[in-house]
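Reader: I'm new to this one. Could you walk me through how to read it, feature by feature?

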Amino acid sequence: MHILFKHIKELVQVRKEFISFVSGKEMSVLPTIKNAFLVVEDGRIANYGTMETCPEIAFDEVIDATGKMILPSWCDAHSHIVYAGSREGEFVDRINGLTYEAIAQKGGGILNSAKMLNETTEEELYEQSKLRLEEVMRLGTGAIEIKSGYGLTIEGELKMLRVIQRLKTNYPIAIEATFLGAHAVPANFNDNKAGYLQLLTDELIPKVAAEKLASYIDVFCETGYFTLEDTALILATGKKYGLIPKIHVNQFTAIGGVQVGVEYNALSVDHLEEMRMEDIEVLKGTKTMPVALPSCSYFLGIPYTPARLMIDSGLPLALATDYNPGSSPSGNMNFVVATACIKMKMTPEEAINAATINGAYAMGLENETGSITIGKRANLIMTKNINSYAFIPYSFGSLQIDKVYLKGIEVN
Ligand code: NIG
Ligand code: FE
């Protein structure tokens with residue numbers, strides 16, 4: 001298939017060279033071409049430029065994008081979309097005054113989801129999860145990382161990871177899988193965390209690696225969940241089996257988890273609602289991408305990641321949804337980009353960079369997607385008729401997407 005998009009009002013996030021990510025001041029630069037054309041060949045970006053240089057040859061399909069913008073599709077580097085059931089009961093409990101921590105302490109939270117997941121068949125889990133995947137594709141997401149972590153048993157964790165693999169096979173969206181066995185200590189190991197850690201290091205991690213069910217290893221490094229020592233143990237074991245660290249850290253308390261992430265060369269450190277100067281300092285000059293999850297801050301009413309301070313200190317930043325049943329039951333990257341602008345004072349340029357190329361990097365897909373670059377997947381968002389790309393976050397809550405193309409094929 002040879003497709004031409006012509007008369008594009010503005011082609012956004014055009015990068016001639018392959019880049020890994022943008023940091024600090026570079027985040028405010030978002031290269032674009034006005035009145036542009038774009039050629040897609042066999043699902044990949046094959047050519048682009050201004051309309052004056054548009055090739056006059058025959059194409060299989062010509063799409064007139066007059067008045068519309070084209071951006072690379074969103075890259076959501078942190079999600080938990082494979083889960084069973086939902087937790088709106090806890091949502092109401094929180095409205096009535098209970099905290100997220102208090103709900104977790106009385107057996108709700110992650111353990112509530114784990115109970116539902118272990119009672120759900122693999123087939124049913126796939127059916128529930130695919131609806132969420134289809135939903136985020138329509139919302140413009142073209143690459144997504146999906147974590148396990150609601151099984152907390154050998155069978156439950158493997159079931160989640162197999163569902164992720166099945167989604168990966170059946171859908172055109174790029175998917176990366178992360179093993180998050182260390183998400184919470186399951187109820188049956190309540191007084192025996194060491195036993196659960198041993199199950200993870202001696203049985204589950206080797207199995208996950210042998211069956212190639214994940215590329216990344218994650219830990220919920222947090223007071224009341226997994227300590228710095230637990231985190232180091234899981235990351236070290238994961239690395240031994242070829243899994244790359246990406247961790248949940250500094251969500252409620254800053255206890256030095258960012259330092260552990262950097263020490264183990266984590267690809268990303270995610271959440272970061274609580275950041276100390278030393279946490280910002282240790283990230284400088286590293287290849288570890290900080291990832292902010294503004295929907296989680298919004299939904300739980302906790303602080304937003306201090307994006308301004310971090311970017312002004314020269315750090316890169318990626319944005320992701322954290323789509324999960326407890327702290328962010330939404331996978332809408334358009335909302336994430338808008339909230340980053342409105343609540344975290346990121347400019348539209350910074351937020352779009354964070355939600356495309358930097359997000360791609362945070363899941364190891366920067367050579368595949370995240371920018372308009374020849375050779376990358378033709379994962380594209382075509383907007384409605386809008387005046388500028390700043391209208392996307394400005395009109396928060398409204399969807400400015402007309403069509404989404406993944407590997408050059410329209411998503412319905
Ligand atoms: O990223 N913080 C840890 N894990 C998830 C939420 C888990 C849940 O409440 O189900 C998160 O916010
Ligand atoms: Fe998460």
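Reader: Leaving aside neighbours within four places in sequence, which residues is Leu133 in contact with?

Author: Contact here means heavy atoms within 4.5 Å. Leu133 is in contact with Ile81, Ile144, Leu167, Tyr171, Ile173 and Ile175, once neighbours within four places in sequence are left aside. A word on the ground rules: this is a predicted model, where local features need pLDDT of at least 70, side-chain atom pairs count only at pLDDT 80 or more, and totals for chains, interfaces and linings use all residues. Residues are numbered from 1 along each chain as its sequence is written, chains are lettered from A and ligands numbered from 1 in the order in which they are written, and side-chain values use heavy atoms, with hydrogens and water left out.

Reader: How many residues does the largest nonpolar core have?

Author: The general idea goes like this: in soluble globular proteins, nonpolar side chains tend to be buried together. A nonpolar core is a set of buried Ala, Val, Leu, Ile, Met, Phe, Trp, Tyr and Cys residues joined through side-chain atoms within 4.5 Å. Buried means under 20% relative accessible area, exposed means over 50%, and partly exposed is in between (1.4 Å probe, protein chains only). Here the largest core has 119 residues, and Leu133 and Met346 have the most contacts inside it. Helix 6 (residues 193-210) gives the most to this core, with 7 residues; helices (H or I, at least four residues) and strands (E, at least two) are DSSP runs, numbered from the N terminus. The core also draws at least three residues from each of domain 1 and domain 2. A second, separate core has 19 residues, including Ile33, Ala65, Ile70 and Ile372.

Reader: What are the bounds of domain 1 and domain 2?

Author: Domain bounds come from an automatic or database domain assignment. For this chain, the assignment gives domain 1 as 2-73 + 371-410 and domain 2 as 75-361. Taken over C-alpha atoms, the centres of domain 1 and domain 2 are 29 Å apart. Across the boundary, 29 residues of domain 1 are in contact with 33 residues of domain 2.

Reader: Which residues form a nonpolar patch on the surface?

Author: Patches are made of residues with over 30% relative accessible area and no salt bridge: like charges are joined within 9 Å, and nonpolar side chains (Val, Leu, Ile, Met, Phe, Trp, Tyr) within 5 Å. Accessible areas come from the Shrake-Rupley method with a 1.4 Å probe, and for residues only the protein chains shown count as cover. In this model, Phe91, Val92 and Ile95 form such a patch, with about 270 Å² of accessible area together. Phe91 is found in helix 1 (residues 88-95).

Reader: Why does Phe91 count as partly exposed?

Author: Phe91 counts as partly exposed because its relative accessibility is 35%. Another phenylalanine to look up is Phe391, in helix 15 (residues 391-394). Phe391 is partly exposed, with a relative accessible area of 30%. Not counting residues up to four places away in sequence, Phe391 touches Ile386 and Gln400.

Reader: How many salt bridges does the structure hold?

Author: A salt bridge is a side-chain nitrogen of Lys or Arg within 4 Å of a carboxyl oxygen of Asp or Glu. The structure holds 17 of them. One joins Arg308 and Glu350, whose closest N and O atoms are 2.8 Å apart. That pair links distant parts of the chain, since Arg308 is in helix 11 (residues 307-312) and Glu350 in helix 13, 42 residues apart. At 26% relative accessibility Arg308 counts as partly exposed, whereas Glu350, at 4%, counts as buried. Glu281 and Lys284 also meet in a salt bridge (2.9 Å, N to O). There is a network of salt bridges too, linking Arg44, Glu368 and Arg377.

Reader: Where is Leu152, and is Leu152 buried or exposed?

Author: Leu152 sits in the loop between strand 7 (141-147) and helix 5 (154-170). With a relative accessible area of 2%, Leu152 is buried. Its phi is near 60°, a positive value in a residue other than glycine. Lys345 also has a positive phi, near 55°. Lys345 is placed in the loop between helix 12 (333-344) and helix 13 (348-355), and with a relative accessible area of 54% Lys345 is exposed.
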